[in-house]
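Please look through the sequence and the model below before reading on. The paragraphs that follow lead you from a single side chain to a pair of strands and then to a pocket.

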Amino acid sequence: MVRSSSGIVAGLTAAALAAIGFLAYQASADVPSGLGSSRAADSSTTEAAKAPRDRQHPTALPAASGTGRRVVYSVDDDRVWLVGAGDRVKRTFKVTPGTVDPAPAAYAVTSRSGKITGSDGVAVEHVVRFTNVSGVAIGFSAALNDTTSTPAPSKKLGGIRESREDGTAMWEFATIGTRVTVIK
C-alpha cells in the first residue's frame, strides 16, 4: 500500500508532538515546587511571629526556621544561616538588607547571576535571587568592592549584601531550587 507524502508528514508531526508533550510533562514533574514562582513556596511552615532565639547564643540557628537543607534569612536580625543535611549550620553571617524586605515564608532560589551591576549601580557578584516584591527582585549578592553599606532609603532595592567571602559560600550552597526560609 502506498501512502501519500502528506499522510506520512502528518503522522510524523503527530508523533513528534506527542513526544514533546511527554517530555514536557516529565520535565515539569521533576521541577522543585515553587521554582519560577515569585510567591512563597509554602508559607504554612513558617510563622509570621519572630522565631524563638537562644539568648545565650545569638548566632545559633533559630527554632521554628524549618528543617532540612536550606538558607535561613532573618529580616529582624540581618543574619543568614546556611543549613546543611541534618539541620547542621554550615555557616552563619551578618548581611546588610536592601530597602525592600521579603515576607516571612518559604521560597526557592529562582535565578542566579555571576557578575552584574546592582540596581543601586554597584558592581556585584554571586547574585542569588529567590523572590520579587512589587516588582523588586530580592536576593543575596556581594559587592565587588566588598562594601556592605546601608542603601539610601529613598530607593526601592532588594539586594541583601554580604561580604565577598560570604557571597562565595552562598553561591556554592544556594543553587537553583534551594529552599530559602525567611523569618522575622
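Predicted model: local features only at pLDDT ≥ 70, side-chain atom pairs only at ≥ 80, totals over all residues.

Is Arg 70 buried or exposed? Its relative accessibility is 1%, and because buried means under 20%, Arg 70 counts as buried. The side chain of Arg 70 has a polar atom 2.8 Å from the backbone oxygen of Ser 65, and the side chain of Arg 70 also reaches the backbone oxygen of Gly 66, at 2.9 Å. When its neighbours within four places in sequence are left aside, Arg 70 is in contact with several residues, among them Leu 61, Trp 81, Asp 87, Phe 173 and Thr 181.

Thr 181 leads on to the next step, for this residue of β9 is the bridge partner of Ala 106. Strand β4 (residues 105-108) and strand β9 (residues 179-183) pair in the antiparallel sense over 4 bridges. In a regular strand the side chains alternate between the two faces of the sheet. In β4, Ala 105 and Tyr 107 point one way while Ala 106 and Ala 108 point the other way, and all are buried.

Finally, turn to the largest pocket, which holds about 370 Å³ of space. Of the 25 residues that line this pocket, Gly 118, Ser 119, Gly 158, Gly 159 and Arg 161 are the closest to its centre. Strands β6, β7 and β8 each supply at least two residues of the lining, and the largest share, 6 residues, comes from β7. Sorted by class, the lining has 11 nonpolar, 10 polar and 4 charged residues.

Methods. Residues numbered from 1 in each chain as written. Heavy atoms only, no water. Buried < 20%, exposed > 50% of the residue type's maximum accessible area, 1.4 Å probe, protein only. Pairing = 2+ DSSP bridges. 1 Å grid on protein atoms, 1.4 Å probe; cavity = no way out; pocket = protein on both sides within 12 Å on 5 of 7 lines; lining within 4 Å. Points joined across faces, edges and corners; volume = space filled by probe spheres on them. Nonpolar A, V, L, I, M, F, W, Y, C, P; charged D, E, K, R; others polar. Polar contact = N/O pair within 3.5 Å; in protein donor to acceptor, adjacent residues only side chain to side chain. Contact = heavy atoms within 4.5 Å.
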